[in-house]
Amino acid sequence: MSFSAADHAFMAQALQLAEKGLYTTTPNPRVGCVIVKDGTVIGSGWHEKAGGPHAEVHALRAAGEAARGATAYVTLEPCSHFGRTPPCADALIAAGVARVVAAMADPNPQVAGNGIAKLSAAGIETVAGLMAQEARELNIGFVARMTRGRPWLRLKVAMSLDGKTALNNGVSQWITGPEARRDAHAWRARSCAILTGIGTVRDDDPSLTVREVATPRQPLPVVLDGWLELRPAARVLDGGKALVFSSVSDEARTAALAARGAETICLPDGTGKVDLHGMLTELGRRGINEVLVEAGARLNGALIQAGCVDELLIYQAPLLFGDKARGMAALPELTDLTGRRELEIFDSRRVGRDMRLRARWR
């Protein structure tokens with residue numbers, strides 16, 4: 001299917017609108033819609049938050065009666081099922097639009113082509129696939145959760161030019177400059193949850209909150225704490241809502257954490273550690289789309305070895321820490337290069353004085 005330059009331009013507008021929901025739509029996808037008639041946008045909208053009207057509904061309300069005979073550009077296949085809101089496919093049919101252009105099919109099994117089929121059956125010209133890659137990237141966590149039952153896991157690291165994340169004595173603040181730290185907070189804001197380990201909580205006592213960018217909601221703090229060592233006074237619990245995964249049960253400690261608003265889940269893997277894959281499955285079950293890992297070398301290495309990491313988000317500062325400093329991930333020693341883990345850097349840019357790299361496995 002070929003698309004015109006105008007099709008691309010209007011879908012780009014819809015994607016820009018969808019991005020406005022970057023911090024707010026969890027657990028729903030980020031979706032934008034533009035309704036066009038005679039080459040002019042007559043209505044537009046985006047999904048702002050779960051439970052609220054979908055993008056198509058906002059756009060149709062803005063277009064009014066003029067929507068009859070128009071083209072709707074939407075970044076995700078219109079839904080065909082009743083959830084917290086009625087089906088958007090029905091709303092488009094009732095409005096009398098003549099054509100619907102979707103960037104991508106909805107990976108949600110409850111939709112998965114049914115929305116497009118319903119529109120086509122109603123006589124509406126329906127096509128999909130325009131700027132699909134851009135739409136997928138915007139909702140990569142939602143796609144991951146719907147297709148494999150677990151969220152997209154993004155591992156964030158701030159390191160020196162020689163690959164060190166802290167001095168040997170644990171000192172690590174600050175490796176990167178203020179611009180990079182602000183950028184990292186934007187990645188926190190778009191994440192549904194922030195995962196760290198008990199070692200990081202014990203050493204740094206982080207709050208894991210978004211502070212450098214404006215956001216209407218805070219991500220869920222998740223602590224991997226195999227032996228339930230988390231102190232109830234830890235700052236990560238200050239928000240009154242946290243999730244703690246352990247490999248042991250302890251009623252007294254669980255009760256103390258619960259008094260601070262934390263829920264504890266015992267999920268042993270049979271070797272005395274937390275079941276990492278089970279943890280991600282549980283997060284997916286709870287509607288978590290994107291997880292940002294901010295942890296130390298041990299948890300980073302464990303997640304990489306278990307095949308849980310989808311993407312690396314690396315901030316590299318023009319500093320040298322030396323051989324004795326701590327590395328980014330505790331991984332087994334290699335004696336042969338055939339055991340190396342290969343990555344592809346798909347995005348690199350300057351952020352202040354530092355470099356930001358995004359990489360995925362080859």
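**The cavity and its lining**

Author: By class, the lining of the largest cavity comprises 4 nonpolar, 6 polar and 2 charged residues. Here Ala, Val, Leu, Ile, Met, Phe, Trp, Tyr, Cys and Pro count as nonpolar, Asp, Glu, Lys and Arg as charged, and the others, Gly among them, as polar. The model is predicted: local features need pLDDT of at least 70 and side-chain atom pairs count only at pLDDT 80 or more, whereas totals for chains, interfaces and linings use all residues. Residues are numbered from 1 along each chain as its sequence is written, and side-chain values use heavy atoms, with hydrogens and water left out.

Reader: What makes this space a cavity, and how much space lies in the largest cavity?

Author: A cavity is a set of points, on a 1 Å grid over the protein atoms alone, where a 1.4 Å probe fits but cannot get out. The structure holds 1 cavity of 30 Å³ or more, and about 60 Å³ of space lies in the largest cavity. That volume is the space filled by probe spheres set on the points, which are joined across faces, edges and corners.

Reader: Which residues line the largest cavity?

Author: Lining residues have an atom within 4 Å of a point. Among them are Thr25, Thr26, Arg30, Phe142, Cys192 and Glu290.

**Backbone exceptions**

Reader: What kind of peptide bond joins Thr26 and Pro27?

Author: The bond is cis, with omega about 5°. Pro27 is found in the loop between helix H1 (5–18) and strand S1 (32–37); helices (H or I, at least four residues) and strands (E, at least two) are DSSP runs, numbered from the N terminus. Most residues other than glycine have a negative phi, and most peptide bonds are trans.

Reader: Where is Leu208 found, and why is Leu208 called buried?

Author: Leu208 is found in the loop between helix H8 (198–204) and strand S9 (220–224), and its phi is positive, near 60°. Buried means under 20% relative accessible area, exposed over 50%, and partly exposed in between, with a 1.4 Å probe and protein chains only. Leu208 has 3% relative accessibility and therefore counts as buried. Leu228, in the loop between S9 and strand S10 (242–246), has a positive phi of about 55° and is buried, with a relative accessible area of 3%.

**Buried strands and a helix**

Reader: Why is Ser160 called buried, and which residues is Ser160 in contact with?

Author: Ser160, in strand S6 (residues 152–160), has a relative accessible area of 0% and is therefore buried. Contact means heavy atoms within 4.5 Å. Leaving aside neighbours within four places in sequence, Ser160 is in contact with Ile175, Gln316, Ala317, Leu319 and Phe321.

Reader: How do you know that both faces of strand S3 (residues 71–74) are covered?

Author: Thr71 and Tyr73 on one side and Ala72 and Val74 on the other are all buried. S3 pairs with S1 in the antiparallel sense over 4 bridges, and with strand S4 (residues 99–102) in the parallel sense over 4 bridges. Two strands pair if DSSP finds at least two bridges between them.

Reader: What puts the buried residues on the same side of H4?

Author: The buried residues of helix H4 (residues 114–121) are Gly115, Ile116 and Leu119. They cover an arc of only 100° around the axis, which puts them on the same side of H4. The arc is that of the directions from the helix axis to the C-beta atoms. The buried residues of H4 pack against helix H3 (88–95), S4 and strand S5 (125–128).

Definitions and conventions: 1 Å grid on protein atoms, 1.4 Å probe; cavity = no way out; pocket = protein on both sides within 12 Å on 5 of 7 lines; lining within 4 Å.
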